Amino acid sequence: MKTLAVSVFGNEYKIKTDDESNFILDVAKIVDQKMREVHEKYPKLSRLETADYACLNLVEDYLRKDKEKTEWVKAQIGLLIEKLEKVV
C-alpha cells in the first residue's frame, strides 16, 4: 500500500491506496474541477455546501451516463435479437 498526496479545492489529502497512482490522481482532479465549477457558479456557498453540490453533480453525471449505457446496451441486444430471429 502506498500513500499519495492529492489536492482538492486547496486542501491537501494523503490517500492510502493499492490502486494505480494515476487513477487516484484522476479522481482527485475530477472532484477538484467539479468543486471549482460549483464555486465559480455559486461563490457565496461555504466549502461544505460547495462540496455537497459538487458531490450531487458528480453522482447525477454518473447516473445519467450509466442510464445512457444501459439504454445503448438494450438497443444493441434488441438489434441482435432481430438478426437472430431472421436467421432462425
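I began with the secondary structure and found two helices and two strands in the protein chain, where helices (H or I, at least four residues) and strands (E, at least two) are DSSP runs numbered from the N terminus. Read from the N terminus on, the elements run β-β-α-α. The radius of gyration, taken over C-alpha atoms, is 20 Å, well over the 12 Å that the globule rule gives for 88 residues, so the protein chain is more spread out than a compact globule; the rule itself is 2.2 Å times the number of residues to the power 0.38.

I noted that this is a predicted model, in which local features need pLDDT of at least 70 and side-chain atom pairs count only at pLDDT 80 or more, while totals for chains, interfaces and linings use all residues. Residues are numbered from 1 along each chain as its sequence is written, and side-chain values use heavy atoms, with hydrogens and water left out.

Next I looked up the overall dimensions: along the principal axes, the C-alpha atoms fill a box of roughly 60 × 35 × 15 Å. I found that 15% of the 88 residues count as buried, meaning under 20% relative accessible area with a 1.4 Å probe and protein chains only. Among contacts (heavy atoms within 4.5 Å) with a separation of 6 or more, 24% join residues 24 or more positions apart.

I then turned to the strands, where S1 (residues 2-8) and S2 (residues 11-17) pair in the antiparallel sense over seven bridges, pairing being assigned if DSSP finds at least two bridges between two strands. Lys2 has Thr17 in S2 as its bridge partner. The two strands form a hairpin with two residues between them, and I recorded for Phe9 in the turn a positive phi of about 55 degrees.

Leaving aside neighbours within four places in sequence, I listed Phe9, Met35, Val38, His39 and Leu45 as the residues in contact with Thr50.

My last entry concerns Lys34 in helix H1 (residues 21-41), which counts as buried at 13% relative accessibility. Not counting residues up to four places away in sequence, Lys34 touches Ala54, Asn57, Leu58 and Asp61.

Terms used:
Buried < 20%, exposed > 50% of the residue type's maximum accessible area, 1.4 Å probe, protein only.
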